[in-house]
Amino acid sequence: MRSEVVRFLIAGGSAAAINWLARILLSLVLPFEAALIVAYGIGMAAGFWLYRVFVFRAASHGSLSGQLALFLAVNAVGAAVVLAVSTLMIDGLTGLLPDLKPAVAQALGHGVGIAVGAVANYLGHRLLTFGATLRPQPQSR
């Protein structure tokens, strides 16, 4: 279990970095909230592959379509958490530090949002998305 958590942190950290960097680039052409949602989708695509192949290795033998549906559901909740935490953090930072540049507040707020969402995502993917293929199967006699 411990090595699985470490692999999740590596894979999730990679997907989060892709998400975060994509949001920064997308913010050049989209409003913050739209950029955040599009970037979240990009990070999700990377995350699904990494989680399935690298973290929950037994899951690569499970139903791809079933796992994908659960993955999307877990990440829809995760996206809402990231959006809520990010916007609250931005509001809090700009309220406490009125001279803080908006781009810095957005980068910090989004980073905290991703971190909070990671906990919910790990639990959701461990228990729901890839859970069935990770549970020991009954032995036939």
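Which residues form a nonpolar patch on the surface? Select Ile18, Leu25, Leu28, Val29, Leu30, Val38 and Ile42: together they have about 660 Å² of accessible area. This is a predicted model, where local features need pLDDT of at least 70 and side-chain atom pairs count only at pLDDT 80 or more, while totals for chains, interfaces and linings use all residues. Residues are numbered from 1 along each chain as its sequence is written, and side-chain values use heavy atoms, leaving out hydrogens and water.

Patch members have over 30% relative accessible area and no salt bridge, with nonpolar side chains (Val, Leu, Ile, Met, Phe, Trp, Tyr) joined within 5 Å. A salt bridge here is a side-chain nitrogen of Lys or Arg within 4 Å of a carboxyl oxygen of Asp or Glu. Areas come from the Shrake-Rupley method with a 1.4 Å probe, and for residues only the protein chains shown count as cover.

Now colour helix 1 (2-26) and helix 2 (32-55); each supplies at least two residues of the patch. Helices are DSSP runs of H or I, at least four residues, numbered from the N terminus. Zoom in on Ile18 in helix 1: its relative accessible area is 38%, so it counts as partly exposed (between buried, under 20%, and exposed, over 50%).

Next, move to Met44 in helix 2. Met44 is buried, because its relative accessible area is 18%. Show its contacts (heavy atoms within 4.5 Å): beyond neighbours within four places in sequence, these are Phe71, Leu72 and Asn75. The C-alpha atoms of Met44 and Phe71 are 8.7 Å apart, across 27 residues of chain.

Definitions and conventions: Patches are made of residues with over 30% relative accessible area and no salt bridge: like charges are joined within 9 Å, nonpolar side chains (Val, Leu, Ile, Met, Phe, Trp, Tyr) within 5 Å. Buried means under 20% relative accessible area, exposed over 50%, partly exposed in between (1.4 Å probe, protein chains only).
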